[in-house]
Amino acid sequence: MIVIFFGAPGVGKGTQASRVAARSGLPHVSTGDMLRAEVERGTTLGKEAEPIMRSGELVPDDLLVRMIESRLGEPDAASGVILDGFPRTRPQAEALDAMLERTGRGAGIVLVLEVPDDVIRERVLNRAKLEGRLDDTPEAFAERLRVYREKTAPVLDHYRSTGARVEVIDGDAEMDVVTARILAALGLGDNGKEVA
Ligand code: ADP
């Protein structure tokens with residue numbers, strides 16, 4: 001099962017994706033975390049990505065596509081993954097479709113988390129105080145939201161037009177409530193086993 005977590009920055013994709021990963025036993029693949037790890041390690045990729053992330057822009061598609069292709073080729077991804085932060089543009093979505101088709105894996109289930117803008121803005125600015133993430137400044141957040149509307153929202157049109165399964169979840173509730181909604185939408189019981 002390939003689950004694609006989709007939604008604006010700050011909707012809670014990371015938190016919820018890691019919970020669903022834990023319940024389902026599938027690996028949580030967060031491109032934001034993977035990129036931050038590269039920045040931390042000071043790799044060539046990390047050096048290229050850091051200023052882009054800091055400004056709230058998107059890292060180039062070809063780089064992300066290669067990163068995901070190699071991650072999906074790892075043994076623990078054989079029965080599926082929980083994708084968080086990818087695909088973020090139409091070309092990324094098309095590349096993912098092609099990868100899944102090539103490897104005989106069915107299309108992904110798209111989980112859209114919806115939270116009002118004023119709520120996510122507050123969440124992100126709070127997180128900035130707790131975690132000091134390089135792109136949680138008010139300026140970078142505003143840019144991430146703009147980029148989301150311009151480049152990422154159209155990805156949903158792509159999935160709707162290709163007939164993928166799209167589940168819209170109201171994410172403006174307590175974390176546990178949102179998790180329960182997601183597990184129900186995925187047909188996973190509370191213990192993470194698929195419900196017949
Ligand atoms: P959020 O969803 O809160 O905006 P992420 O941790 O998913 O944050 O991503 C942080 C940053 O990493 C993005 O603003 C972008 O610069 C980069 N990034 C992550 N995933 C992608 C992607 N699929 N394509 C391009 N850039 C990405």
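This is a predicted model: local features need pLDDT of at least 70, side-chain atom pairs count only at pLDDT 80 or more; totals for chains, interfaces and linings use all residues.
Local features need pLDDT of at least 70 and side-chain atom pairs pLDDT 80 or more, while totals for chains, interfaces and linings use all residues. Numbering starts from 1 along each chain as its sequence is written, and side-chain values use heavy atoms, leaving out hydrogens and water.

**Exercise 1.** Work out which residues of α2 are buried and where they sit around the axis.

*Solution.* 
- Take α2, residues 31–41 (helices are DSSP runs of H or I, at least four residues; strands are runs of E, at least two; both numbered from the N terminus).
- Pick out the buried ones (under 20% relative accessible area, 1.4 Å probe, protein chains only; exposed is over 50%, partly exposed in between): T31, G32, L35 and E38.
- Check the directions from the helix axis to the C-beta atoms: they cover an arc of only 125°, so these residues lie on the same side of α2.
- Recall the rule: an α-helix has 3.6 residues a turn, so residues three or four places apart point the same way.
- Finally, step past the end of α2: G42 follows, with a positive phi near 70°.

**Exercise 2.** Sort the lining of the largest pocket by class.

*Solution.*

Definitions and conventions
Ala, Val, Leu, Ile, Met, Phe, Trp, Tyr, Cys and Pro count as nonpolar, Asp, Glu, Lys and Arg as charged, and the others, Gly among them, as polar.
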